[in-house]
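Hi,

Here is the structure I said I would pass on. Have a look at it first, and my notes follow below.

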Amino acid sequence: MSGSYDDSVGVEVSSDSFWEVGNYKRTVKRIDDGHRLCSDLMNCIHERARIEKAYAQQLTEWAKRWKQLVEKGPQYGTVEKAWHAVMSEAEKVSELHLDIKGALMNEDFEKIKNWQKEAFHKQMIGGFKETKEAEDGYRKAQKPWAKKLKEVEAAKKAYHAACKEEKLAISREMNSKADPALNPEQLKKLQDKVEKSKQDVLKTKEKYEKSLKDLDQVTPQYMENMEQVFEQCQQFEEKRLRFFREVLLEVQKHLDLSNDVSYKNIYRELEQNIKTADAIEDLRWFRANHGPGMSMNWPQFEEWSADFNRTLSRREKKKASDGVTLTGVNQTGDQASQHTKHSSHLSVPSNTVQSLQSSYNPFEDEDDTGSTVSEKEDNKIKNVSSSEKNQSYPTEWSDEESSNPFSSTDANGDTNPFDEDASPAMEVRVRALYDYEGQEHDELSFKAGDELTKTEDEDEQGWCKGRLDNGQVGLYPANYVEAIQ
């Protein structure tokens, strides 16, 4: 009798063995899991690439900021160059990490994506072609054996029922013999029923044994067919496992900077630059440019002159000092060539400089029409060059903002001139099309229909930066939202 076959009807799974009916589905599910694992590995590599990119950007920003701070700070000489070498190392390492990010996305990510597309073929009705082929193969191999198993289960059930009926009949007959109220006719019926139940037991037992024999005959073929389909699934899984191993080795090569020659050269060069710092040389330079080694125009006897000794009025002093910065002492030779960082040089006619120096001499006697000594000193302080202001050093270190030379605000409350200008991006209101649950701490979560503000446009990986109405800022997939018209 022909009919539709269902391997899950009428048969109870008695163990967790692969050979039980329906237990092949775990190997079929492994094919679907392989596709999901490809997607998981791509997401893993994508997140690592984002980390590499963010780290590279942070290194670059750090190096740029501290280069400016060191240049404007009081450090000088060979130690300053060694300090700059540390920032140069960060810039070079940043480039290497950007290369890692590019290799992860352009090589490893794309390689997995293409392999997944070639290995798994989607069907119009859903699912994958490879999964359906494995499912059909197992069903075909298991169908004859499962049918025989179903007959065995039915025969066993009938045999056990007959045995139970026989036992009940024998029990009733035994009880009737002890009951004097029963007539011989009733007792005869009970005996006939016992005899009939014994015959039923023999028949069902024979049928049960025959069905088991038939099942044993088809079992070897069943095992062979199931083994064949299983090996096909094993071969498919072996390809995926070998491919994953290959890709992970490629990822390891891209991440491992210890074998990169350029990476080793960065730190070899950094070590050399630091070792070239010479404290004696720096002290000698400072002595020559800011210490006793500086030249000095010592006071000498000067003849009196009406023009030269004339005291400037306050208006003339102000006019003469406008736009002029004096450097104090002119230097020549090696001393002058090194004196470039902390001083500004302006060309001023010599007679003007001499006139100003003479009028600002605090030891010169004042005449009747001139300014007092204190006023001359005040004017002299006002004309101190910007280089001399930059050379003032704090007497002791303090973490407070008011005394930190690298603080982001100056004494007048202005912002740090070394900070990068942040150009505001155009903000756009968008509405969520689907629910999204953030997978990382820097991602936003929202429900379909929620509105938020996009603050940065989509990047090359399809992510946007936005802000929720509660003020939270983070990333979200660009294709999950639409602009509000």
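**What I found**

Leaving aside neighbours within four places in sequence, histidine 84 is in contact with Lys67, Val70 and Glu71. Histidine 84 sits in helix 2, which covers residues 77–119. Is this histidine buried or exposed? Histidine 84 has a relative accessible area of 16%, which is under the 20% cut-off, so it counts as buried.

Before going further, please keep in mind that this is a predicted model.

**The whole protein**

You'll find eleven helices and five strands in the protein. There are 485 residues, and 29% of them count as buried. The accessible surface comes to about 33,300 Å², with 51% of that belonging to carbon and sulfur atoms. If you take the contacts with a separation of 6 or more, 69% are between residues 24 or more positions apart.

**Two helix pairs**

Start with helix 1 (residues 25–72) and helix 3 (residues 129–177), whose axes come within 9 Å and cross at roughly 170°. Angles over 145 degrees count as roughly antiparallel, so that is how helix 1 runs relative to helix 3. On the helix 1 side the contact is made by Lys25, Thr27, Val28, Ile31 and Asp32, and they meet Glu130, Thr131, Ala134, Glu135 and Tyr138 in helix 3. Sorted by class, this contact has four nonpolar, two polar and four charged residues.

Now go back to helix 2, the one with histidine 84 in it. How do helix 2 and helix 4 run relative to each other? Their axes come within 10 Å and cross at roughly 175°, with helix 4 spanning residues 184–255. The two are therefore roughly antiparallel to each other. The residues of helix 2 that meet helix 4 include Ile100, Leu104, Ile112 and Trp115. Among their partners in helix 4 are Phe236, Phe243, Val247 and Leu255. By class, the contact of helix 2 with helix 4 has eleven nonpolar, one polar and seven charged residues.

The five strands form an open sheet in the order 4-3-2-1-5, with antiparallel pairing. Strand 4 (473–477) and strand 5 (481–483) are the edge strands, each pairing on one side only. From one strand to the next, the twist averages 50°.

Inside the sheet, strand 1 (residues 428–432) and strand 2 (residues 451–456) run antiparallel and are joined by four bridges.

Cheers

Note on methods. Residues numbered from 1 in each chain as written. Predicted model: local features only at pLDDT ≥ 70, side-chain atom pairs only at ≥ 80, totals over all residues. Heavy atoms only, no water. Axes fitted to C-alpha atoms, helices over the stretch in contact; angles between N-to-C directions. Parallel < 35°, antiparallel > 145°, perpendicular 65-115°, else oblique. Contact = heavy atoms within 4.5 Å. Nonpolar A, V, L, I, M, F, W, Y, C, P; charged D, E, K, R; others polar. Buried < 20%, exposed > 50% of the residue type's maximum accessible area, 1.4 Å probe, protein only. Areas by Shrake-Rupley, 256 points an atom, 1.4 Å probe, with all protein chains shown as cover. Pairing = 2+ DSSP bridges.
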